[in-house]
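Q: I am new to this structure and would like to learn how to read it step by step. Could we go through its features one at a time?

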Amino acid sequence: MNERRRLWGAAAALVVVALIVGLETPGVANADPSYPTWDDVKRAQGNEAAKKAEIAKIQKLISGLEGQTADLGKKASVAAENVLQAQAALDAAQRKEDALTAQAKKAAETADASSLRAKRLLVQMARQGGGDITLSLLQGDAKDTDAALYRLGVMSRLSDSSRGVFEKAEYDRKNAAALSDDAAAAKKARDAKKKAAQTTLDAAKQAQSAVQTRLAAQDTVSTTLTAQLASLKNTTADVEREYQAGLAWERAQEAAKTPPAPPPSGNTGSPSNPPVTPETPVPPPVASVVDTAIAYAKAQIGEPYVLGGAGPSSWDCSGLTMMSYSASGVAIGGHGSNLQYNYLAAKGRLVTLANMQAGDLLFYSNGGAVGGSKYHVTMYIGGGQMIEAAYPGTTVRIRAVRYGDLVPYAGRPTG
């Protein structure tokens with residue numbers, strides 16, 4: 001299990017490295033000269049019109065920071081999901097290697113047994129003449145043995161049953177050799193994925209660290225802007241933070257009035273774009289299971305986001321949803337947003353957003369594309385809110401549903 005958590009992915013290495021390069025530029029929080037100073041605030045306080053203009057400017061800057069924060073969080077989420085997808089591919093390679101190794105071992109045992117039967121038959125034949133062939137088989141190397149078996153296999157004096165013994169020995173030997181080669185190739189492929197996985201994991205950690213650094217810088221500026229706003233409005237920073245959160249909630253609810261429309265039915269499906277049948281009714285969720293899952297998720301509020309986290313005290317987005325439903329004995333497809341979406345789609349458990357209920361899972365992809373890679377998953381808890389483990393630098397939290405990039409189908413784990 002520790003190995004699994006330590007090594008996560010191969011396919012995303014270049015994507016993640018590119019992400020790191022894109023994050024190396026200085027954060028806007030430290031570079032933008034348009035941010036007001038406290039002297040600007042002090043001067044504006046003496047003139048009502050100037051004060052009003054400065055308040056509007058600061059509110060716009062805070063709103064812009066929110067958008068930049070969301071973009072940075074998205075980049076971190078994409079990096080994390082790429083790692084999880086690569087880990088799934090590595091797990092599949094490991095399973096293939098294990099299966100082929102087991103088959104090769106069994107085939108070798110079968111070949112040994114067949115060879116022993118053939119040798120016993122040769123001993124019997126040697127007593128009746130043909131000792132030169134027997135000695136060649138018993139004392140020669142593998143090449144000599146093949147030649148001896150061939151000679152015996154075509155001898156017209158062999159009975160059908162005797163010929164069958166030699167033919168089976170030859171078949172079993174070739175089968176064991178082929179499976180052994182396949183197992184060796186599978187091991188080589190798995191070793192390559194394992195090496196690339198470690199590289200990808202290291203790169204992803206660097207990318208998320210870069211995101212976290214920029215988010216921290218933006219948070220510092222946001223704190224200053226909020227304090228300046230409070231000074232201009234003669235309130236407190238806490239009041240202004242709550243006010244800004246309220247504005248963000250209102251913007252989310254405004255967006256909710258026109259949620260993304262589902263694509264037309266008839267999608268034939270693919271690994272990243274499974275079949276969807278919006279005309280097929282999905283039963284309502286099982287209340288007791290949903291209550292358990294939501295309660296479990298809420299119990300983690302305040303715990304930090306960590307790449308690959310699946311508890312007990314740190315989480316990533318799909319780790320939180322997976323373990324929340326696991327708490328009530330329900331599997332939702334594994335550790336990864338794509339795994340969970342594809343699993344629920346294959347089970348026929350997708351519902352349109354207009355029909356989503358508490359406990360349903362919400363998925364995010366670029367532009368909300370149904371066929372696109374899902375980079376984030378949250379749990380809807382009702383009342384226009386969701387619970388999530390968002391990205392580095394945040395903790396498990398409840399937020400208003402974000403409709404930007406929201407896939408037009410929610411997944412219903414129970415029903």
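Q: Is Ile62 buried or exposed?

A: A residue counts as buried when its relative accessible area is under 20%. Ile62 has a relative accessible area of 4%, and therefore it is buried.

Q: What should I know about the model as a whole before I go further?

A: Please keep in mind that this is a predicted model, whose mean pLDDT is 79, with 76% of the residues reaching 70 or more. Over residues 1-31 the pLDDT is below 50, and this stretch has 70 contacts in the model beyond near neighbours in sequence. Residues 264-273 also have a pLDDT below 50, and there the model has 18 contacts beyond near neighbours in sequence.

Q: How many helices and strands does the protein have, and what percentage of its residues count as buried?

A: The protein has 12 helices and six strands, and 43% of its 415 residues count as buried. It exposes about 20,700 Å², of which carbon and sulfur atoms supply 56%. Among contacts between residues at least 6 apart in sequence, 70% join residues at least 24 apart.

Q: Why is helix α11 described as largely enclosed by the rest of the structure?

A: The idea is to count the buried residues within the helix. Helix α11 spans residues 317-326, and because eight of its 10 residues are buried, the helix is largely enclosed by the rest of the structure. The buried residues are Cys317, Ser318, Gly319, Leu320, Thr321, Met322, Ser324 and Tyr325. Apart from its neighbours within four places in sequence, Thr321 is in contact with Ile332, Gln340, Leu361, Val377, Thr378 and Met379.

Q: Which residues of helix α12 are buried?

A: In α12 they are Ser337, Asn338, Gln340, Tyr341, Asn342, Leu344 and Ala345. Because seven of the 10 residues in this helix, which runs over residues 337-346, are buried, α12 is largely enclosed by the rest of the structure. Just after α12 comes Gly348, which takes a positive phi of about 70°.

Q: How should I read a pair of packed helices?

A: Two packed helices are described by the angle between their axes and the distance between the axes. Here the axes of α10, residues 287-299, and α11 come within 8 Å and cross at roughly 135°. That angle makes α10 oblique to α11, and the crossing is right-handed. On the α10 side, Val289, Val290, Ala293, Tyr296 and Ala297 meet Leu320, Met323, Ser324 and Tyr325 of α11.

Q: Which peptide bond is cis, with omega near 0°?

A: The bond to look at is the one from Gly311 to Pro312, which is cis with omega near 0°. Pro312 has its place in the loop between α10 and α11.

Q: Where is Asn234 found, and is it buried or exposed?

A: Asn234 is found in the loop between α8 (160-233) and α9 (237-256). With 71% relative accessibility, Asn234 counts as exposed. Its backbone deserves a look as well, for Asn234 has a positive phi of about 60° although it is not a glycine.

Q: Where does Asp405 lie, and is it buried or exposed?

A: Asp405 lies in the loop between β5 (397-400) and β6 (409-411), and at 17% relative accessibility it counts as buried. The phi of Asp405 is near 70°, a positive value in a residue other than glycine.

Q: What is the relative accessible area of Gly164?

A: Gly164, a residue of helix α8, is partly exposed, with a relative accessible area of 31%. The C-alpha atoms of Gly164 and Ala118 are separated by 9.6 Å, while the two residues are 46 apart along the chain.

Notes:
Residues numbered from 1 in each chain as written. Predicted model: local features only at pLDDT ≥ 70, side-chain atom pairs only at ≥ 80, totals over all residues. Heavy atoms only, no water. Helix = DSSP H or I, 4+ residues; strand = E, 2+ residues; numbered from the N terminus. Buried < 20%, exposed > 50% of the residue type's maximum accessible area, 1.4 Å probe, protein only. Contact = heavy atoms within 4.5 Å. Areas by Shrake-Rupley, 256 points an atom, 1.4 Å probe, with all protein chains shown as cover. pLDDT = per-residue confidence, 0-100. Axes fitted to C-alpha atoms, helices over the stretch in contact; angles between N-to-C directions. Parallel < 35°, antiparallel > 145°, perpendicular 65-115°, else oblique. Left-handed = near helix turned anticlockwise from the far one by under 90°.
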